[in-house]
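Hello,

Here is the structure I promised to pass on. Please have a look first; my notes follow below.

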Amino acid sequence: MLKGFGRFLMRGNVIDLAVAVVIGAAFGAVVAALVKDLLTPLIAAAVGKPDFSTLAFTLHGSRFAIGDFTNAVTSLVLIAVAIYFFVVAPLNAVTERFKKPGPEPVAMRECPEC
């Protein structure tokens, strides 16, 4: 049973997945720092303090604190923007530049009987 477990752990896809999780966590920390330390202060410089944690409204005596949710949504949007413009768009440009040209499409001629 232990030998089978050892073979399972040493299979390539399990190790690849473990490496991907570790690299993903490190990359997530870099992106979060980019958003927190660079993008959020840029927004603060443009429109004021970007902290919405104090936002709330009251409806029929119940207080709805929507500020933390608004902060989370704002962070999600900023992280998505950062990933797109700093990772996806440059990677797509590099991939497109080094893409091998595909075969020419075969020229079709009209069928004389159609």
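Is phenylalanine 64 buried, exposed or partly exposed? Its relative accessibility is 37%, so phenylalanine 64 counts as partly exposed. Buried means under 20% relative accessible area, exposed means over 50%, and partly exposed lies in between (1.4 Å probe, protein chains only).

A word on the source. This is a predicted model, where local features need pLDDT of at least 70, side-chain atom pairs count only at pLDDT 80 or more, and totals for chains, interfaces and linings use all residues. Residues are numbered from 1 along each chain as its sequence is written, and side-chain values use heavy atoms, with hydrogens and water left out.

Now the overall layout. The chain has three helices and two strands. Their order along the sequence is α-α-β-β-α. Helices (H or I, at least four residues) and strands (E, at least two) are DSSP runs, numbered from the N terminus. The radius of gyration is 25 Å, well over the 13 Å that the globule rule gives for 114 residues, so the chain is more spread out than a compact globule. That radius is taken over C-alpha atoms, and the rule is 2.2 Å times the number of residues to the power 0.38. The C-alpha trace spans about 75 × 60 × 35 Å along its principal axes. Of the 114 residues, 6% are buried.

Next, the aromatic rings. There are two aromatic pairs in the structure. Rings of Phe, Tyr and Trp (its six-membered ring) pair if their centres lie within 6.5 Å; planes under 30 degrees apart count as stacked, over 60 as edge-to-face and the rest as tilted. Phenylalanine 64 pairs with phenylalanine 57: the centres are 5.0 Å apart and the planes at 15°, so this pair is stacked. Phenylalanine 57 is partly exposed, at 38% relative accessibility. Tyrosine 84 and phenylalanine 85 form an edge-to-face pair, with 5.0 Å centre to centre and 85° between the planes. Tyrosine 84 is partly exposed at 42%, and phenylalanine 85 is exposed at 53%.

Last, the surface. Tyr84 and Phe85 also belong to a nonpolar patch, together with Phe69, Val73, Val77, Val81, Phe86 and Val88. The accessible area of the patch is about 770 Å², by the Shrake-Rupley method with a 1.4 Å probe. Valine 81 lies in helix 3, residues 67–97.

Best wishes

Conventions:
Patches are made of residues with over 30% relative accessible area and no salt bridge: like charges are joined within 9 Å, nonpolar side chains (Val, Leu, Ile, Met, Phe, Trp, Tyr) within 5 Å. A salt bridge is a side-chain nitrogen of Lys or Arg within 4 Å of a carboxyl oxygen of Asp or Glu.
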